[in-house]
Amino acid sequence: WFCLASDITEEWSLPLCLSVASCLDHGPDNAPTQGTTSPKPQNERLQFRLVFYKGEWGTICDDDFSLSNANVLCRQLGFVSATGWTHSAKYGKGQGKIWLDNVQCNGGEKSIDLCKSRGWGNSDCTHDEDAGVVCKDERLPGFVDSNVIDVRHYHGVEEVRLRSVVPTKKMPVTEGVVEIKYKDGWAQICDVGWTPTNTRVICGMLGFPHERKVNKNFYKLNTERQKHRYRLHSVACVGTEVHLAACPLETNKGNATESCEGGMPAVVSCVPGPQYVHNSGLKKKKLKTTSTVRLKGGAKLGEGRVEVLKNNEWGTVCDDRWTLLSASVVCRELGFGSAKEALTGARMGEGMGPIHMNEVQCLGTEKSMWNCGFKNITSEDCQHVEDAAVRCNTPYMALENSIRLTGGRTRYEGRVEVLSTEANGTRSWGLICGGAWGTKEAMVACRQLGLGYANNGLQETWYWDSSNVTEMVMSGVKCTGSEMSLSHCQHHKTVSCQKTAAKFSAGVICSETASDLVLNAPLVQQSVYIEDRPLHMLYCAAEENCLSKSAASANWPYGHRRLLRFSSQIHNIGRADFRPKAGRHSWVWHACHGHYHSMDIFTHYDLLSSNGTKVAEGHKASFCLEDTECHEGISKRYECANFGEQGITVGCWDLYRHDIDCQWIDITDIKPGNYILQIVINPNFEVAESDFTNNAMKCNCKYDGHRIWLHNCHMGDAFSEEAERKFEKYPGQLNNQIS
């Protein structure tokens, strides 16, 4: 049997945890079950513990390894398939035995030990050859996991919907007859004994946080004229259940046409969260959402790492005892329904900064997670590899029906086509003008398609020319990146496109995972200092435009420049490696530094005045990206030397030390005063990330003409709105003089 040996990230990049003896009590049907039988590694990419055989952990050698092997292993772990596999101990070297070697599966085997191999314990490999797999983050039907709803085998309740009896084009449908999927059609629920708590559970399943009373008389007249198939009756939910199947209920046997004496089909009315409301007449009180809980790092609305606000600073929640009940309180608090999944092990990426809560235990009735029982955190209790996350039920909006991709090699890529309505009411597919199309627009397109994150937004798609759709129907699309649909973004009222040929239409490459870069703010504050550097030592820096414009008129090589120096440590806390957009063929050789630079603009360093005007900037022209250090157990993959591959691995960081060229802002021309130091990573959104809101870092800066002080250094999204307002006010003191 398989056991999960660690907590994992979104894409479930898994080392393999196999036990021939039973790891857990699986029950009579021997269904595979998730367990946590080994210690958690201290990082978010799973690591070594691979195979458990005869009471001892070991690994699998990568000789003859294939995607077929990975598929067998992923299915044994409860996932639908593998998306890849790794060799050469990518996730760290294992310890102990190497249990299997030369494994050759056809792909259809139910267990790894049914595949051909050299036999258990027979190997000529070293741990440098340990294999790993990457599983698709989608569960097999019937896989049992206490923190994931899977009810296909309970009471026959598989899918629930609301059928509106009044024709409407408005989405989402918030009121109607409750129906459950049954055989080849839909069946109703008898409402005898129906209670508001039953309605609460149904609304939660359908993505709505609240329920309201419904006019039954209207529906009685409507339903009396129709024939019904009653499948369920005597439903008795408590109200905290996350699925109807978890409630006590009775199922009609046979052909499910039994009558509902004294009753009618169950009807419910739900209150949508504010994100889904178009009718301002709804009571604002009920639609108010929290400002002390948020979700970060998810691809879709209603999923992400849970973060809470305490003492004006955002922090994460530790996953100890994290359950669907607690996750549902978070989801409803944020204006969604109940929780579909309560995710552990930083599956939505690691947070930065404090961890505010541990062992959260909600009953399910609380209005806020802060009303639940929880423990305050000590540094020994938890680390960010244990950050809790959720996937909430969200209302069905049918947004994916008005967008499609064509011409791509896989369903994750292609030319974007959208459904447009013409003046006469007919609907047809059309293209989007590629001009100004970028990463943020691609993020929205991928979200609308349900394909995760954007990997790339493309302005030309001549290589995906397989469709007969040639007309541009959208142009000037400009998104913030958080919209649910491209139709919610700004765009031209009338199509205006310079290049109207189909080959210049917009395209996307989507991905189930994305990187997420964050700067270590405290290190900037700790490492800052001023250096007066002689001009004769700055020729290389001048060549790279790392000095302010006035340097050009200086009396070279005499004199000096005053430099504000600091270290930048950039962490990848996402679920995919950060790779430069440009291919190796276009990297630029810099003789000064003796390596290739892969990105023209990777970071902006700016000094801002009290009104936000730039008074100085760091002209760091280009960068070389590499893994300087990694969390324990994670191997470095990228280095600049010898024309090596460039990037930042998940769980690693790239350190630009204070003493290297261009790691500064030239403040030679700056007068004493109060300023804001701002550092922005990936400022032009060249490379896709799961979260751009944490790319900026700000510090209060005080300069007296001789010395400099930084304080309040923080990520752009780390403080509450109130604290951020106070921070912004700091430079605007009554006078701009140092006291």
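This is a predicted model: local features need pLDDT of at least 70, side-chain atom pairs count only at pLDDT 80 or more; totals for chains, interfaces and linings use all residues.

Serine 269 is buried, with a relative accessible area of 1%. Its side chain makes a polar contact of 2.8 Å with the side chain of glutamate 175. Leaving aside residues up to four places away in sequence, serine 269 also touches others, including Thr199, Cys203, Arg212 and Val214.

## Disulfides

The whole structure holds 15 disulfides. One of them joins cysteine 479 to cysteine 489, with an S to S distance of 2.1 Å. The torsion about that S-S bond is about 105 degrees, so the link is right-handed. Cysteine 479 and cysteine 489 both lie in the loop between β26 (472-474) and β27 (507-511), so the bond ties together parts that are ten residues apart in sequence. Cysteine 479 is buried at 7% relative accessible area, and cysteine 489 is buried at 5%.

Another disulfide connects cysteine 699 and cysteine 713, S to S 2.0 Å. This pair links strand β40 (residues 696-703) with strand β41 (residues 708-715), 14 residues apart.

What keeps cysteine 701 from bonding to the closest cysteine sulfur? That sulfur, in cysteine 699, is 8.1 Å away, which is too far for a bond. Cysteine 701 is buried, at 0% relative accessibility.

## The protein as a whole

The secondary structure comprises nine helices and 41 strands. Of the 739 residues, 56% are buried.

How values were computed:
Residues are numbered from 1 along each chain as its sequence is written. Side-chain values use heavy atoms; hydrogens and water are left out. Helices (H or I, at least four residues) and strands (E, at least two) are DSSP runs, numbered from the N terminus. Buried means under 20% relative accessible area, exposed over 50%, partly exposed in between (1.4 Å probe, protein chains only). A polar contact is a pair of N or O atoms within 3.5 Å; within protein, one must be able to donate a hydrogen and the other to accept it, and residues adjacent in sequence count only if both atoms are side-chain atoms. Contact means heavy atoms within 4.5 Å. A disulfide is a pair of cysteine sulfur atoms within 2.5 Å.
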